[in-house]
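Here's a quick tour of one protein model, written for someone new to reading structures. Have a look at the picture first, then follow the notes.

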Amino acid sequence: TEGEVDVAESALRQLSQRQPDRRAPAYDLIRYIRAQKGEAAGREALNELIAEREDSFELRLMLAQYEFDSDNIDLAYSLLRDLQSDENVNNANRARISLARLLLRGGKKEEGLVFVQEALKADRKEVEAMARPVIIRVGQ
């Protein structure tokens, strides 16, 4: 029933608010809202969480994936391009690798490889582990 959905959403929202430094509760909340109330409600809830959090990198990364999965490809690419300027090198590289993965899924191998190479230049050790699946797919 609708009342049960609201109770479950409220519980997930409280859990997410109590653990803002953990991404799993926020992800669970957004997935639940998306499944129960649809794409628009999930996107709205995700944007609300992003606005509430001081460190919203993980949620903005999730939003980019969400937009890609919703066929808002250009918006997903734009969000990830913005994230790659994060002052935290690891976050910036995660954004680059995520962008490379989405470009690869979209059939843009050469463009995706550019972002892998940029990430490798910034921090070779950390990125090699993240990029390995992308590099393998590009080679196929």
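Leaving aside its neighbours within four places in sequence, which residues is Leu59 in contact with? The answer is Ala26, Tyr27, Leu46, Leu49, Ile50 and Arg53. Keep in mind that this is a predicted model.

- You'll find Leu59 in helix α4.
- Leu49, one of the residues in contact with Leu59, sits 10 residues away from Leu59 in sequence, and the C-alpha atoms of the two are 7.6 Å apart.

**Two helices packing**
- Helix α4 covers residues 57-69 and helix α5 covers residues 73-83; they pack at an angle of about 160 degrees, with axes 7 Å apart.
- That angle is over 145 degrees, so α4 runs roughly antiparallel to α5.
- The crossing of α4 and α5 is left-handed.
- On the α4 side, the contact includes Phe57, Arg60, Leu61 and Phe68, while on the α5 side Ile73, Tyr77 and Leu83 are among the residues involved.

**Aromatic rings**
- The structure has 1 aromatic pair.
- Phe68 and Tyr77 form that pair: the ring centres are 6.4 Å apart and the planes meet at 40 degrees, so the pair is tilted.
- Both partners are tucked away: Phe68 is buried at 9% relative accessibility, and Tyr77 is buried at 4%.
- Elsewhere, Arg34 lies over the face of Tyr66, at 4.1 Å from the ring centre.

Terms used: Residues are numbered from 1 along each chain as its sequence is written. This is a predicted model: local features need pLDDT of at least 70, side-chain atom pairs count only at pLDDT 80 or more; totals for chains, interfaces and linings use all residues. Side-chain values use heavy atoms; hydrogens and water are left out. Rings of Phe, Tyr and Trp (its six-membered ring) pair if their centres lie within 6.5 Å; planes under 30 degrees apart count as stacked, over 60 as edge-to-face and the rest as tilted. Buried means under 20% relative accessible area, exposed over 50%, partly exposed in between (1.4 Å probe, protein chains only). A charge sits over a ring if NZ of Lys or CZ of Arg is within 6 Å of the ring centre and within 35 degrees of the ring normal. Axes are lines fitted to C-alpha atoms, for helices over the stretch in contact, and angles run from 0 to 180 degrees between N-to-C directions. Helices (H or I, at least four residues) and strands (E, at least two) are DSSP runs, numbered from the N terminus. Angles under 35 degrees count as roughly parallel, over 145 as roughly antiparallel, 65 to 115 as roughly perpendicular and the rest as oblique. A crossing is left-handed if the near helix is turned anticlockwise from the far one by less than a right angle, and right-handed if clockwise. Contact means heavy atoms within 4.5 Å.
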